[in-house]
Amino acid sequence: MMERLARKIDLFEVAEIKLSYCGKVKASQRPKVNSSRQVFEVFSKVWEEESIEFVEDFKRMLLSRANRVLGIVNILPPVERAFIVGIS
């Protein structure tokens, strides 16, 4: 009975889980941002300029501890372009 219980408990133990990040671009080649102006310049390269004024979108810039851009993630995809027309 005790051996059975011991085997069941072992099934629920996880020895190790490892999560790692391996970038394909050298740190020296990543843009470095030190001001809001530089952040704007990096974001402006990935945003659709034609729709920036009327489509809601949310992006997150991921930075290293040295303020190097690791990537930009689209958190909230652009809302589908739909128009509501009211008749009065």
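1. Let's start with Trp47, which is partly exposed at a relative accessible area of 23%. On this scale, buried means under 20% relative accessible area, exposed over 50%, and partly exposed in between, using a 1.4 Å probe and protein chains only. Please keep in mind that this is a predicted model, where local features need pLDDT of at least 70, side-chain atom pairs count only at pLDDT 80 or more, and totals for chains, interfaces and linings use all residues. Residues are numbered from 1 along each chain as its sequence is written, and side-chain values use heavy atoms, with hydrogens and water left out.

2. Which residue forms an aromatic pair with Trp47? The count comes to one aromatic pair, and Phe43 is the partner: the two are edge-to-face, 5.5 Å centre to centre with 70° between the planes. Rings of Phe, Tyr and Trp (its six-membered ring) pair if their centres lie within 6.5 Å; planes under 30 degrees apart count as stacked, over 60 as edge-to-face and the rest as tilted. Phe43 itself is buried, with a relative accessible area of 17%.

3. Trp47 also has a charge to look at: the charged end of Lys59 sits over its ring, 5.3 Å from the centre. The rule asks for NZ of Lys or CZ of Arg within 6 Å of the ring centre and within 35 degrees of the ring normal. Lys59 belongs to strand 1, residues 58-63, and is buried at 17% relative accessible area. Helices (H or I, at least four residues) and strands (E, at least two) are DSSP runs, numbered from the N terminus. Beyond neighbours within four places in sequence, Lys59 is in contact (heavy atoms within 4.5 Å) with residues including Phe43, Trp47 and Ile72.

4. Phe43 turns up again in the largest nonpolar core, whose five residues are Val33, Val42, Phe43, Met61 and Val69. Such a core is a set of buried Ala, Val, Leu, Ile, Met, Phe, Trp, Tyr and Cys residues joined through side-chain atoms within 4.5 Å. Leaving aside neighbours within four places in sequence, Met61 is in contact with Val39, Val42, Phe43, Val69, Gly71 and Ile72.

5. Do look at Lys32 too, in the loop between helix 1 (2-11) and helix 2 (36-46). Lys32 is partly exposed, at 40%.

6. A last word on confidence: pLDDT, the predictor's confidence in each residue from 0 to 100, averages 77 for the protein chain, with 70% of the residues scoring at least 70. Confidence is lowest in helix 1, at a mean of 58, and highest in helix 2, at 93.
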